[in-house]
Amino acid sequence: MVAMESDSELDRGDAAPAFELPGTDGETYTLDSFDADALLVVFTCNHCPYAQAKFDLLNDLAAEYDDLAVVGINPNDAAEYPDDSFEAMRERVADGTIAYDAYLRDETGAVADAYDAVCTPDPFLFGRDGDAFRLRYHGRLDDALNPDDEPTEYYIRDAVDAVLAGEEVGVPDRPSRGCSIKWPSE
């Protein structure tokens, strides 16, 4: 396990790159699937300890905020990392380990590439702007840099609260930290 840090090329105000991905619930999702004022897209997976350490926080966010859609997207190579297979994703949802608004499979890694994601978890928070979602925050969910650390500050809560209040996000973007994305082989 090597910690990677993400510093996406997406800037605040940029539109969310489009996607069309299958969900663990059998539905296909696009940006238009989410009728919320804020959208948290998190590139994540099942096996990475950094991602696992944030399951509860992401589940809590999905449960607590009515106007926030929490969407996990797993881009990892399932052939090399069977714990990240679509079936294993469905199992995590079925047993309650993952309770996001949607857990999607990015089989080719094309969506992760479009967002310039590099690690799991790699969170992108968007706010609705008319018919589009625009980036309001990209960075760490909290101040716990390692999987076993207990967070004392939850940057994502402050950022979500600002977006939902129609305010600028005062939380500075901090590079996300986690395991490298395991890009599918070509």
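A cavity here is a set of grid points where a 1.4 Å probe fits but cannot get out. Keep that in mind for the second stop; this is a predicted model.

**Whole chain**

Start with everything selected. Now check the dimensions. The C-alpha trace spans about 45 × 35 × 30 Å along its principal axes.

Colour by burial next: 52% of the 186 residues are buried.

**The cavity**

Rolling a probe the size of a water molecule over the atoms shows where empty space is left. How many cavities of 30 Å³ or more does a search of the whole structure find? The search finds one. The volume of the largest cavity is about 110 Å³. Select K54, P121, R140, A144 and R177, the closest to its centre among the 14 lining residues. You get eight nonpolar, two polar and four charged residues.

**P121 and its peptide bond**

Stay on P121, one of those residues closest to the cavity centre. P121 sits in the loop between strand 7 (119-120) and strand 8 (122-129). The peptide is cis, with omega about 0°. Most peptide bonds are trans.

**D116**

Read off the backbone torsion: phi is near 65°, positive although D116 is not a glycine. Most residues other than glycine have a negative phi. Is D116 buried, partly exposed or exposed? Its relative accessibility is 26%, so D116 counts as partly exposed.

**S85**

Last stop: S85, in the loop between strand 5 (68-74) and helix 3 (86-94). Its relative accessible area is 19%. Buried means under 20%, so S85 falls on the buried side. What does S85 touch beyond its neighbours within four places in sequence? Show N46 and A78; S85 is in contact with both.

Definitions and conventions: Residues are numbered from 1 along each chain as its sequence is written. This is a predicted model: local features need pLDDT of at least 70, side-chain atom pairs count only at pLDDT 80 or more; totals for chains, interfaces and linings use all residues. Side-chain values use heavy atoms; hydrogens and water are left out. On a 1 Å grid over the protein atoms alone, a cavity is a set of points where a 1.4 Å probe fits but cannot get out, and a pocket is an open set with protein on both sides within 12 Å along at least five of seven lines; lining residues have an atom within 4 Å of a point. Grid points are joined across faces, edges and corners, and a volume is the space filled by probe spheres set on the points. Ala, Val, Leu, Ile, Met, Phe, Trp, Tyr, Cys and Pro count as nonpolar, Asp, Glu, Lys and Arg as charged, and the others, Gly among them, as polar. Helices (H or I, at least four residues) and strands (E, at least two) are DSSP runs, numbered from the N terminus. Buried means under 20% relative accessible area, exposed over 50%, partly exposed in between (1.4 Å probe, protein chains only). Contact means heavy atoms within 4.5 Å.
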